[in-house]
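Here is a short briefing on one protein model. Please keep the sequence and the structure open while you read.

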Amino acid sequence: MVDPMDDDPKHYCGVVAMALDVRAAPELKRALRVMQHRGQEAAGIAVSDKGSLSYLRGAGLVHEVLGGKEFDSLKGCVGIGHVRYATTGTSCSDNAQPIVVTSAAGDVALGHNGDIVNSAKLRSKYQSDGWAFLTTTDSEIIVRILANELKQGADPVKAIRSTMKLLDGAYSLVIMIGNRVFGVRDPLGFRPLCLGKLSRGYCLASESAVFDILQGEFIRDILPGEVIEITTDSYSSSRTARPSSRAHCMFEWVYFARPDSVIDGREVYEVRKIIGKILAREHPVDADVVIPVPDSGRAHALGFAIGSGIPYDEGLMKNRYIERTFIMPEQLQREEGVSIKLNPIRSTIKDKRVVVVDDSIVRGTTLRKIVQMLRRGGAREIHVRIGCPPVVAPCYYGVDMKTREQFIANNKTMPEIAEYLTADSLGYISLKGLEEALNIPENDLCLACLNGEYPTNVPGEKMRFQRKLDI
Ligand code: SF4
């Protein structure tokens, strides 16, 4: 199910793996709940009890999928877990992960965050070799290639590395082979993956907040190109050769990740606040109050208030309890949906010049409704400030932004966007400003949806380091 009121970009997944000296399933479930924001459409866990694998997965939130009696049958001290966002039209339960297959070396389970750019090519190659695929996911292609590499007695790390050589794109993986658990990050490090120590063993997770909430300790990020194995009392690492630059997805800091997570050395909350301060410097405005679009615009708005000296306040109340149950596919209903999800706080905005700060704009439909709602609530002026430069190009690396037509910034000028939003003024942070806030070299970031320069070869698109796009 997809929330039609929400035109924010959607992430595909979050992953977790554990090797403990107690039953792993309850801890894996807790970790997945911490990462529920990374995927609300499907969830699953696979565990191994001395090499005997069992799993539970399906469509729904973590507590819905893993809340029944079957959960009690998940025995074993090692396991992996996954939360997933699925695009409209795909079958959530069929494509839920972990994906489990058999190999000559035992059962293999895999959870994937990212997108494989050459998956169509790989799928048709292996289909013509007679392979049958049970799902439409690129993740199944990875696990089937891996299972094929896992001949009897094969070294799992070597098999993983041989599989990686065939893959092009974004992948942070958790893999269970028999009773052994591995984590893998693609050579450009698009999606996060980090290592932590829990009181009863070791853990890999998409976000470091998992370790805090499970009362463990963050050790480090998995390096791009690294294959890591965790056991109850240690971990061991193997690196593949990696390119001289990385491609960390800037959207993790701007919007996707929890504010309390630390990704590749930068705390998400801190980065968002700095983005807000830079936004205030780049797009100053005379105003009475700064308000966020809750919840994801909150840290950006706070930063804007600090940077501008304009007081921060809450101007929109969010109803947190309707997101999944309130499904309204038509545009008319979508418009109604925004007002059911958000309502203005009149004492904050009435007769005021309001700066409203959001993390990003994709289509702009929701933000337009918000501006109109603030106007109806009595705001005298409404100035929109956005903590991400204009999104103009599709993402091929695991974010549901697939066509240029959907991006408002792709077919409208700045004044036209402001007019569409019915805002008195509009300002996006610049690309330079975003790089300053992230404090990560430009060559180590993926900025492809902002500048059209893709870090990997994508058919029909420009590869990074070629001529800059004129946008
Ligand atoms: Fe992230 Fe955009 Fe790159 Fe996709 S294209 S990985 S959303 S920065």
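Lys29 lies in helix α1 (residues 25-34). Helices (H or I, at least four residues) and strands (E, at least two) are DSSP runs, numbered from the N terminus. The model is predicted: local features need pLDDT of at least 70, side-chain atom pairs count only at pLDDT 80 or more, and totals for chains, interfaces and linings use all residues. Residues are numbered from 1 along each chain as its sequence is written, and side-chain values use heavy atoms, with hydrogens and water left out.

**Lys29**

- Lys29 is buried yet has no salt bridge.
- Buried means under 20% relative accessible area, exposed means over 50%, and partly exposed lies in between (1.4 Å probe, protein chains only).
- A salt bridge is a side-chain nitrogen of Lys or Arg within 4 Å of a carboxyl oxygen of Asp or Glu.
- The nearest side chain of opposite charge to Lys29 is Asp72, 7.5 Å away.
- For charge, Lys and Arg count as positive and Asp and Glu as negative; His and the chain ends are not counted.
- Leaving aside neighbours within four places in sequence, Lys29 is in contact with Ile45, Val62, Leu66, Gly67 and Phe71.
- Contact means heavy atoms within 4.5 Å.

**Domains**

- The domain assignment gives domain 1 (13-245) and domain 2 (263-451).
- Such bounds come from an automatic or database domain assignment.
- The centres of domain 1 and domain 2, taken over C-alpha atoms, are 33 Å apart.
- In the contacts between them, 19 residues of domain 1 meet 13 residues of domain 2.

**Nonpolar cores**

- A nonpolar core is a set of buried Ala, Val, Leu, Ile, Met, Phe, Trp, Tyr and Cys residues joined through side-chain atoms within 4.5 Å.
- The largest nonpolar core has 78 residues, of which Met250, Phe251, Leu374, Val384 and Met401 touch the most other members.
- Helix α8 (residues 268-282) gives the most to this core, with 6 residues.
- This core draws at least three residues from each of domain 1 and domain 2.
- A second, separate core of 28 residues includes Leu28, Val34, Val65 and Cys194.

**Strand β4**

- In strand β4 (residues 78-84), 7 of 7 residues are buried.
- One side of β4 carries Val78, Ile80, His82 and Arg84, and the other carries Gly79, Gly81 and Val83.
- Strand β1 (residues 13-20) pairs with β4 in the antiparallel sense over 7 bridges.
- Two strands pair if DSSP finds at least two bridges between them.
- Met18 has Gly79 of β4 as its bridge partner.
- Strand β2 (residues 42-49) also runs antiparallel to β4, joined by 7 bridges.
- Here Gly44 stands opposite His82.

- Strand β21 (residues 381-386) runs parallel to β22, and 4 bridges join them.
- The bridge partner of Ile386 in β22 is Tyr428.
- Helix α9 (residues 298-308) has Ala299, His300, Ala301, Gly303, Phe304 and Ala305 buried.
- The cover over these buried residues of α9 includes α7 (251-256), α8, β17 (289-292), β20 (353-358) and β21.

**Salt bridges**

- The structure holds 20 salt bridges.
- Asp49 and Lys50 meet through their side chains in a salt bridge (3.9 Å, N to O).
- Asp49 is partly exposed at 34% relative accessible area, whereas Lys50 is exposed at 75%.
- Arg180 forms a salt bridge with Glu229, with the closest N and O atoms 2.8 Å apart.
- This pair links distant parts of the chain, 49 residues apart: Arg180 in strand β8 (residues 180-185) and Glu229 in strand β12 (residues 226-230).
- Arg180 is partly exposed, with a relative accessible area of 37%, while Glu229 counts as buried at 11%.
- Asp288 and Arg353 join their side chains in a salt bridge (2.9 Å, N to O).
- Asp288 sits in the loop between α8 and β17 and Arg353 in strand β20, 65 residues apart.
- Asp288 is partly exposed at 28% relative accessible area, and Arg353 is partly exposed at 23%.
- Arg38, Arg191, Glu207 and Glu252 are linked in a network of salt bridges.
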